[in-house]
Amino acid sequence: MILQVLINLLVNAKDALERTRNKKIKLAGFRIGEKTFIQVSDNGPGIDQESIDKVFIPFFTTRKKVQG
């Protein structure tokens, strides 16, 4: 399941960069004590305020086009 989450985050990051120059996606992993963290970031425009509270709702999307 973690692999699917990472794939989804990377696909979302790629999509977010569609209209961005100098595209950058960063994938980092690190440990703090006994906990392991994975961080995915990009330099896209970010999430609009209307959508920020909905990002953890399953299948929520702001995409205009269908993937396929």
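Which residue in β2 does Lys-26 stand opposite? In this predicted model, Lys-26 faces Ser-41 across the strands. Local features require pLDDT of at least 70 and side-chain atom pairs pLDDT 80 or more, whereas totals for chains, interfaces and linings use all residues. Residues are numbered from 1 along each chain as its sequence is written, and side-chain values use heavy atoms, with hydrogens and water left out.

The chain contains 1 helix and 2 strands, arranged along the sequence as α-β-β. Helices (H or I, at least four residues) and strands (E, at least two) are DSSP runs numbered from the N terminus. Strand β1 (residues 25-32) runs antiparallel to β2, and 8 bridges join the two; strands are paired if DSSP finds at least two bridges between them. The hairpin of β1 and β2 has 2 residues between the strands, and Gly-33 there takes a positive phi near 65°.

Ser-51 lies in the segment after β2 (35-42). Ser-51 counts as buried because its relative accessibility is 7%; buried means under 20% relative accessible area, exposed over 50%, and partly exposed in between (1.4 Å probe, protein chains only). When residues up to four places away in sequence are not counted, Ser-51 touches Phe-60 and Thr-62, a contact being heavy atoms within 4.5 Å.

For the chain of 68 residues, 10% count as buried. Among contacts between residues at least 6 apart in sequence, 37% join residues at least 24 apart. The C-alpha trace spans about 40 × 30 × 25 Å along its principal axes.
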